[in-house]
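Okay, hi everyone, let me put today's structure up on the screen.

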Amino acid sequence: MHAGHYISGVGHLALIGWLLLGDVFAAEPLPIDMTPVSVISQAEYEAMMAAQTGPQSVTEVAQPAAPQEAPQAPDVSPATDQATAQTAPAQSPTPPAEVPPQAAEPAPPQPPRADVSDTAPVLPEPPSEVAVLVPDVSDRPVPRASERVAPEPVAQPEPEATPDEVAQEAIAPSTEGEAVEEPREATAPEAAATEIVTEAEKPAAAPRQSSRPPSRRPDPLPETARVEDTTPAQPTAAAPEPAAAPAAQADKSAINDALAEALGAATPSAPAPAAPQGPPLTSGEREALRVAVSSCWNVGSLSSEALRTIVVVSVGMQPDGKPINASIRLASSSGGSEGAARQAFEAARRAIILCGSKGFDLPQEKFGQWQDIEITFNPERMRNK
Amino acid sequence: MTMTVTRSVLFLVAGLALAACTNPNRFGPGDDALAGTAGAGAGAGAFAPGSASDPRSVAYFQQAVGDRVLFPVDQSNLTPEGRATLDNQAAWLMQNADFTAIIEGHADEQGTREYNIALGERRANSAREYLVSKGVSGARLRTISYGKERPIEVCSVEACYAKNRRAVTVLAGGLSS
Amino acid sequence: MIQRALTLCLAMAMAATGAGFASAQSQGPLRIEITEGVIEPLPFAVPQFEAETAGSAEMAAQISRVVAADLSGTGLFRELPATAFISTVGSFGAPVQYADWKAINAQALITGAVNVQGNTLNVKFRLYDVFAGSELGSGLQFSGTVDGWRRMAHKVSDAVYSRITGEGGYFDSRVVFVSETGPKDARQKRLAIMDYDGAGVQYLTDSRSIVLAPRFSPSGDRVLYTSYESGFPRIYLLDVGSVQRRALDSQDGTMSFAPRFAPNGQTVVYSISQGGNTDIFAMDVNSQQAVRLTSAPSIETAPSYSPDGTQIVFESDRSGSQQLYVMPASGGEARRISFGEGRYGTPVWSPRGDLIAFTKQNNGRFHIGVMRTDGSEERLLTASFLDEGPTWAPNGRVIMFTRETQGAGGQSALYSVDISGRNLRPVPTPDGASDPSWSPLQK
């Protein structure tokens with residue numbers, strides 16, 4: 001046996017293991033920053049004891065106590081009996097259901113302006129100050145600050161009755177013109193702005209922008225690239241490059257390319273599946289899936305490095321349109337460290353599970369087309385929001 | 001007899017006031033407080049030493065000569081009015097050679113804290129250099145800057161800012177001789 | 001050679017896996033790309049930590065509250081109220097009913113236990129990714145004394161924060177600032193120190209002298225500041241533990257101010273004003289030997305080192321108005337980095353090294369902003385009558401600064417804001433407050 005064989009064997013095992021169990025490994029405390037705390041030595045401990053009364057030592061909690069339930073939570077429909085019985089408004093884990101908690105929470109409903117809502121104890125800004133600057137603003141709608149940033153702006157539902165609205169009313173008139181769709185109580189999506197409105201960018205507050213260097217936000221990809229492959233004339237089996245259009249692939253990592261090539265090359269030899277194959281998804285069907293996953297992809301808590309990391313996540317689907325949660329894995333990543341890729345993957349996984357829990361709206365007769373899905377999560381455009 | 005008592009009291013008051021004056025770190029609009037103290041003490045006589053009507057007094061310097069010059073926004077160049085005031089100050093200091101002075105530079109609140117300290121120092125220095133150019137010995141004149149830490153007017157409009165952008169000549173010593 | 005063999009193997013393995021994957025079905029997977037997502041606080045639940053010993057219930061409740069407040073305060077997380085909980089967490093070791101937490105959309109779940117014995121306090125916690133149905137990292141335990149309970153709560157928060165976001169935390173940190181009382185024209189100022197969240201305020205100086213702009217040493221045990229104690233502004237070094245202080249520079253006839261530490265904790269960079277000119281100097285704390293770094297006839301002040309100690313960003317009005325410049329730490333040619341409208345001051349290099357925070361004045365208003373170190377990608381985060389003096393959280397993600405209101409009754413207060421410009425909020429202080437400086441994470 002040559003060393004090369006051993007290396008090869010180890011390499012193969014490691015890789016296959018990674019592909020199969022990527023998320024299991026990911027759940028381990030990789031290079032997590034626990035070191036500063038856990039690595040503390042006895043000497044340092046003593047020194048600190050002498051110096052002050054802070055927390056001194058850290059030990060890992062005995063692992064045996066870990067509540068290891070079923071390793072993968074079964075794909076339970078979240079609307080369990082319990083759930084329906086006890087928390088009517090929150091029974092669905094999809095974001096639209098998040099509005100009702102405002103009623104349940106002791107905290108006041110989210111007022112439009114985060115800075116005002118923070119109950120500034122000392123210094124409310126004199127309204128006159130705002131008034132003076134208002135004339136500079138054109139009558140374009142003023143984007144209101146919102147805790148939520150989403151692709152589609154969603155009008156702030158009018159709070160039922162908030163007595164302390166007064167401070168916010170200064171900017172209210174300009175928003176009244178837009179999208180006054182009567183929000184349905186239980187299903188109104190959370191208010192969202194298309195981008196973060198910082199205090200400095202509020203039109204009323206900063207009438208004239210300084211000459212800032214252009215932001216690096218890239219131009220949107222040409223839409224045609226995605227539509228191409230939906231031409232009905234194209235026979236399924238003849239399409240050697242499945243689904244993804246070349247243009248969309250261009251910026252992906254070399255690993256992705258290699259993987260795609262391998263997959264593409266293998267396609268012609270594949271035997272006919274049992275699942276109904278059907279024609280390729282229409283652009284509308286694909287778009288619906290994209291939008292559905294987008295609406296649950298929350299990048300708000302990602303580190304700036306994770307926001308520079310593109311992850312490709314594969315997921316197996318059930319015929320009812322629900323993802324098989326245990327099948328979700330990281331296929332590849334690019335642009336960030338392993339840790340960042342793990343954060344990005346976790347957010348992507350949450351998006352798929354969260355929005356897939358009621359089943360994605362996919363045509364059953366084309367199950368073969370979407371039985372396996374590979375989703376590229378590219379946060380580039382979310383970075384500067 | 002009564003007259004001498006009154007005089008010594010007045011001297012004492014003025015002395016105390018000046019002692020306060022030598023500490024540039026006092027609180028509040030010290031220069032005004034000082035003027036008030038001296039003025040109150042002078043209530044008895046028409047020409048009491050230390051009162052504003054005594055041309056050798058601190059109060060006279062503050063009120064009749066003019067102890068401060070004002071500056072435009074973010075500037076330390078002297079205005080014509082400022083130069084006129086400093087001409088008077090220079091003349092007075094030449095006549096009253098016993099006095100030394102600390103020139104305090106100040107800024108309005110429209111500026112960052114540390115920049116304003118540097119700006120105040122620049123203002124104090126322009127006043128000092130002008131006085132030196134008019135013959136006052138540089139050894140008698142020190143400078144200090146308070147930046148925006150000690151405004152005399154508290155409103156946030158130009159009328160107040162204009163009065164806060166100032167260099168104030170605060171006298172020290174003098175009555176010792 | 002071996003490397004090449006490995007690469008080859010990897011490539012082959014990848015192809016093999018890919019082929020196997022693909023051959024299981026008719027064709028490749030459906031591929032879509034997501035480029036738009038949402039940014040919203042991640043919902044989390046912190047059921048009250050279990051009290052393992054009699055009498056530790058109160059402590060368990062307080063620690064749970066501090067953890068929840070730390071996380072909510074970032075704006076990245078949103079606490080779910082206990083009233084929404086379906087299942088209770090019986091004991092720390094009991095299995096988690098993921099379905100119950102999923103049902104209320106708790107995406108992260110933090111459980112913990114508190115154990116008080118005498119003066120010894122043990123706090124342990126676990127973090128769960130509810131939707132993945134697994135624990136995130138492994139449980140940790142912290143031990144300390146009872147009166148250090150807040151710090152232990154902050155340590156739990158730091159661990160949770162960094163596991164979810166992938167960035168270092170900042171909760172177990174302190175802020176030194178200037179506490180302000182009295183009217184605007186006779187304000188009394190004294191140095192104070194507190195936890196990052198405003199708890200545990202202690203005063204370090206009395207209010208007899210004006211004190212300004214304190215700055216922590218890189219190890220957080222000393223503070224540099226400017227005081228008028230001698231009658232003139234002069235820089236001082238104060239030991240936080242003993243509250244002992246000493247003047248650093250005592251050249252007569254000059255004013256020294258704006259001191260900051262170099263990352264080595266030994267060198268101090270600061271400004272000296274003399275004869276109408278302000279320049280930047282560097283001094284060794286021990287030898288007190290000062291070296292001149294700038295020699296322009298203009299105002300050069302507010303210096304700040306890059307985290308690697310090789311460069312200094314500072315403000316200068318050499319162009320006619322306050323702008324930002326970067327020069328080598330040893331002095332020498334400076335290049336201007338700010339080119340927008342208005343005046344720029346108080347630059348502070350972020351601990352990550354990638355950004356510079358600053359104060360900007362434009363059109364009669366003040367802003368806190370950030371830019372890259374070459375001056376590109378300027379973003380303004382705040383706007384008000386008077387915002388100034390940014391300081392960075394240890395993880396470089398949050399900025400604290402001074403906000404002053406206008407008019408005769410104007411007051412100063414501390415605010416914090418995320419570098420995205422979101423989550424602007426006041427930091428509670430007993431009195432007025434200004435000039436914050438954020439410590440590094442405590443060890």
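This is a predicted model: local features need pLDDT of at least 70, side-chain atom pairs count only at pLDDT 80 or more; totals for chains, interfaces and linings use all residues.

On the B side, 26 residues are in contact with 34 residues of chain C. Where on chain B do they come from? Two elements of chain B, α5 (113–133) and β3 (141–147), each supply at least two residues of the side that touches chain C. The one that gives the most is α5(B), with 10 residues. And if you sort that side of chain B by class, you get 12 nonpolar, 8 polar and 6 charged residues.

Okay, now over to chain C, and strand β9, residues 174–181. Is this strand mostly covered or mostly open? Mostly covered: 7 of its 8 residues are buried.

Now look at its partners. Strand β10(C), residues 188–195, runs antiparallel to β9(C), and 8 bridges join the two. You can find the pair C:Arg174 and C:Asp195 standing opposite each other there. Between these strands the hairpin has 6 residues, and C:Gly182 takes a positive phi near 90°.

The other partner I want to show is β32(C), residues 432–438. It's also antiparallel to β9(C), with 5 bridges joining them. Here, C:Val175 is the residue opposite C:Trp438.

Notes: Residues are numbered from 1 along each chain as its sequence is written. Chains are lettered from A and ligands numbered from 1 in the order in which they are written. Two residues are in contact if their C-beta atoms, placed from the backbone, lie within 7 Å. Helices (H or I, at least four residues) and strands (E, at least two) are DSSP runs, numbered from the N terminus. Ala, Val, Leu, Ile, Met, Phe, Trp, Tyr, Cys and Pro count as nonpolar, Asp, Glu, Lys and Arg as charged, and the others, Gly among them, as polar. A residue is buried if 20 or more other C-beta atoms lie within 10 Å of its own, exposed if 12 or fewer, and partly exposed in between; C-beta atoms are placed from the backbone. Two strands pair if DSSP finds at least two bridges between them.
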